[in-house]
Amino acid sequence: MAIVKVWIFSVTVFCVTEASPPLLTVNLDAPPGERWAPLVQLFDKQFLRQVAADVIDSTVPKWVHHAVIPIVNALEKYMPPPYAKEIKGMASFYGADIADIILLNFAYEVTAFCTSIITQDSKGNLYHGRNLDYPHEILRNITIDVSFVKKGKELYRGTTFAGYVGLWTGQSSRKFTVSGDQRSKGYWWENVIAAAMKSAPASWLVRQTLEEAENFQEAVMQLSKVPLIADVYYIVGGVYPGEGVVVTRNRRGPADIWPLDPLNGAWYRVETNYDHWLPTPSQDIRRAVAVRALNATGQEKINSEKLYQVLSVLPVCNRFTIYTTMMSAAEPEQYKTVVRECMHWDSQ
């Protein structure tokens, strides 16, 4: 365990940095119902069932939980392959009701508060970092890096939670990186109705795009157009200079495309959970603090380590931050996830 001190804006930030999460290999050549079987070698089944129950109970009101179970059971036939079979397999490994696993996967779609940053240094190198925040501390204990392999080679990599088939964070080596941030619109049960209309969960689209897109442009196109069950921000980084963008999504399509513009001084983009053209709520200063830290760092000095430091500043890193991931599609070996615990003391 390491303790990192950062002094910025008269605040001392202590980030207690735990070890990186375990790495799980998912074989895409295996039948979908068997792909997540290695989970039982990493986690106790009873523990996984308890975590799932805690997340569902704290996210879904009791009356909604009972009301949507018949709908959720019917949703199985609407789910796109291979995710329906993967979830069925997951329920079998957990020894859990499939309705609970489906509810768990949908619950994760609407409770994430995050910070994603894409930067370009003065030489044209791109660095992508993200903090994923959830109001469930126990998720630190089930965070995993996943290597998705096909024909013996890694096709893409991501970070997720045990029991969750989607990805909010991922990298397709030498092609693109992507992270997703929640965009709060609508109610949870509206998302279930949208799913019944054959829209995709935002995290499933991330995974599908990582598997299918051949480059940055294809990834942005796919993430912009596929109908979703909930609004979201997609932050995408490529391999070549200028390949960085924040895609603001409505359920049916893009609301805004916000690219890097380094020739005009816009060498970074910061996305939290609010439309970039609107002010953030006064009580949430993550965006402003990240912007000040990036400006203090400067384009000449930005790199993966410096970006990690920006993501470690309070309140960008906060008590809800579960993990930080650093990525670079051009240098895929830099992919690194760290489970976080951030504390602070006012230095004044």
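Mentor: Start with helix α5, residues 98-107. Eight of its 10 residues are buried, so the helix is largely enclosed by the rest of the structure. Buried means under 20% relative accessible area, exposed means over 50%, and partly exposed lies in between (1.4 Å probe, protein chains only). Helices (H or I, at least four residues) and strands (E, at least two) are DSSP runs, numbered from the N terminus.

Trainee: What kind of model is this, and how is it numbered?

Mentor: This is a predicted model, in which local features need pLDDT of at least 70, side-chain atom pairs count only at pLDDT 80 or more, and totals for chains, interfaces and linings use all residues. Residues are numbered from 1 along each chain as its sequence is written, and side-chain values use heavy atoms, with hydrogens and water left out.

Trainee: Which residues of α5 are buried?

Mentor: They are A99, I101, I102, L103, L104, N105, F106 and A107. Look at the start of α5 too. There a side-chain oxygen of D97 comes within 2.7 Å of the backbone nitrogen of A99. A polar contact is a pair of N or O atoms within 3.5 Å; within protein, one must be able to donate a hydrogen and the other to accept it, and residues adjacent in sequence count only if both atoms are side-chain atoms.

Trainee: How do I read a pair of strands?

Mentor: Two strands pair if DSSP finds at least two bridges between them. Take β6 (residues 143-150) and β7 (residues 153-161): eight bridges join them in the antiparallel sense. I144 stands opposite T160 of β7. The two strands form a hairpin with two residues between them, and K151 in the turn has a positive phi of about 55 degrees. On to β8 (residues 169-172), which runs antiparallel to β7 and is joined to it by three bridges. Here T159 faces T169 of β8.

Trainee: What is the strand order of the open sheet?

Mentor: The order is β3-β6-β7-β8-β9-β10-β11-β12, eight strands with mixed pairing. Its edges are β3 (23-27) and β12 (254-259), each pairing on one side only. V245 has P259 of β12 as its bridge partner.

Trainee: Which strands does helix α8 touch?

Mentor: Helix α8 (residues 216-225) packs on the sheet and touches β9, β10, β11 and β12; its direction makes about 10 degrees with that of β11. Axes are lines fitted to C-alpha atoms, for helices over the stretch in contact, and angles run from 0 to 180 degrees between N-to-C directions. The buried residues of α8 are F216, A219, V220, Q222, L223 and S224. Their cover includes α7 as well as β9, β10, β11 and β12. N215 caps the N-terminal end of α8, with a side-chain oxygen 3.2 Å from the backbone nitrogen of Q217.

Trainee: How many residues are in the largest nonpolar core?

Mentor: It has 64 residues, and W36, Y108, L139, I142, F161, Y234 and V236 have the most contacts inside it. Helix α4 (residues 83-94) gives the most to this core, with seven residues. A nonpolar core is a set of buried Ala, Val, Leu, Ile, Met, Phe, Trp, Tyr and Cys residues joined through side-chain atoms within 4.5 Å.

Trainee: And the chain as a whole?

Mentor: The chain has 10 helices and 15 strands. Of its 348 residues, 56% are buried.

Note on methods
Contact means heavy atoms within 4.5 Å.
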